[in-house]
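Good morning, and thank you for coming.

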Amino acid sequence: MQSDKKKGSNVVAAYRRYLKLQRNFSPNTVDAYLRDLQKLLNYLEGAGITPTEATLDNLREFAAGLHDVGIGPRSQCRILSGVRSFYRFMYLDGRMEKDPTELLESPQLGDHLPEVLTTEEVDLMEAAIDLTKWEGHRNRAIIEVLFSCGLRVTELVTLRLSSLYLDEGYVRVMGKGSKERLVPISKKAVAELGWWFDDRCHMDIKPGEEDYVFLNRRGAHLTRTMILIMIKQTAIDAGITKTVSPHTLRHSFATALLEGGADLRAIQAMLGHESIGTTEIYTHIDMTTLRQQILDHHPRNIRKD
């Protein structure tokens, strides 16, 4: 039994290295994959099965158990995607002769469109911030940069002063898989950053934190949780009843670009998506508007004089 646990520990350690070195995932992504994998390992241990002994039927039973304990379809899909990744590694690493997840199905997902904020609602959030507090201009700058640049929250908290090219109107962003991209930044976001920098230059900054754009009151860079709490509270203060998170501002950025006429490929580049299919999930057009566009512009619908 102890030998099996040791083998299991070695497999997880090898899988961690695979995710980090070969898939080039960030530490947060690696941790997320391993948390989901642990759910499978706990199930297999309870059934007296090692990971290499698991069959398709075992994995289907595991998937059914996720539904039975109330895990939603979207989370089920994420967990099963991680299971496939793990067994793909096991197969490629020569630990298994066959990948048992080849026929493992995920639950069907309906179209899910996250909440979107209008520009007016973003303005309401910024107006609700108390600028007499030391963090007031910082929080306004955070909201404006998220909305103007469409950054992921992790990209925001790791944003560096050395990555800002404000005179040229760009920021250099380190995205998923350590892939860099240049993102245009609006004049309003540049102005909000300027107000924040006026306050920032009077702070006592911890050694090693000097290059981070956004800092907490102790002079250290912010965490994702800090950003989430701030944005949720700001939305409440602004009287917005939608469910708002940092990702809401990213989605609102993409939607505003699409509705403004931007090409989907350009939006894909701005968001840092590898696949255009991912970008399509983040963007949508009101179906009434789409129907009217078709009626107005399709050649079959244009009346000839």
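The mean pLDDT of the protein chain, pLDDT being the predictor's confidence in each residue from 0 to 100, is 84, and 84% of its residues reach 70 or more. This is a predicted model, in which local features need pLDDT of at least 70 and side-chain atom pairs count only at pLDDT 80 or more, while totals for chains, interfaces and linings use all residues. Residues are numbered from 1 along each chain as its sequence is written, and side-chain values use heavy atoms, with hydrogens and water left out.

One stretch calls for caution. Over residues 282–290 pLDDT stays under 50. For that stretch the model has 19 contacts beyond four places in sequence, a contact meaning heavy atoms within 4.5 Å.

Let me turn to the chain as a whole. Its secondary structure comes to 13 helices and 3 strands; these are DSSP runs, helices being H or I of at least four residues and strands E of at least two, numbered from the N terminus. Of the 305 residues, 40% are buried, where buried means under 20% relative accessible area, exposed over 50%, and partly exposed in between, with a 1.4 Å probe and protein chains only. Among contacts with a separation of 6 or more, 56% are between residues 24 or more positions apart. The chain exposes about 17,900 Å², of which carbon and sulfur atoms supply 52%; accessible areas come from the Shrake-Rupley method with a 1.4 Å probe, and for residues only the protein chains shown count as cover.

Next, a pair of helices. How do α6 and α9 cross? The axes of α6, residues 136–149, and α9, residues 224–237, come within 11 Å and cross at roughly 95 degrees. Here axes are lines fitted to C-alpha atoms, for helices over the stretch in contact, and angles run from 0 to 180 degrees between N-to-C directions. The two helices are therefore roughly perpendicular to each other, on a scale where angles under 35 degrees count as roughly parallel, over 145 as roughly antiparallel, 65 to 115 as roughly perpendicular and the rest as oblique. From α6, Asn139, Ile142, Ile143 and Leu146 meet Ile227, Met230, Ile231 and Thr234 of α9. By class, this contact has 6 nonpolar, 2 polar and no charged residues. Ala, Val, Leu, Ile, Met, Phe, Trp, Tyr, Cys and Pro count as nonpolar, Asp, Glu, Lys and Arg as charged, and the others, Gly among them, as polar.

Helix α6 also holds histidine 137. Is histidine 137 buried or exposed? At 15% relative accessibility, histidine 137 counts as buried. Leaving aside residues up to four places away in sequence, histidine 137 touches Leu131, Glu192, Trp195, Trp196 and Asp199.

Valine 190 lies in helix α8, residues 187–200, and is partly exposed at 24% relative accessible area. Beyond four places in sequence, valine 190 touches Leu166 and Ile185.

Valine 171, in strand β2, residues 170–174, is buried at 1% relative accessibility. Among the residues touched by valine 171 beyond four places in sequence are Cys149, Leu164 and Val183. The C-alpha atoms of valine 171 and cysteine 149, 22 residues apart along the chain, are separated by 8.6 Å.

Finally, asparagine 24 sits in the loop between α1 (2–22) and α2 (27–46). Its phi is near 60 degrees, a positive value in a residue other than glycine. Asparagine 24 is partly exposed, with a relative accessible area of 34%.
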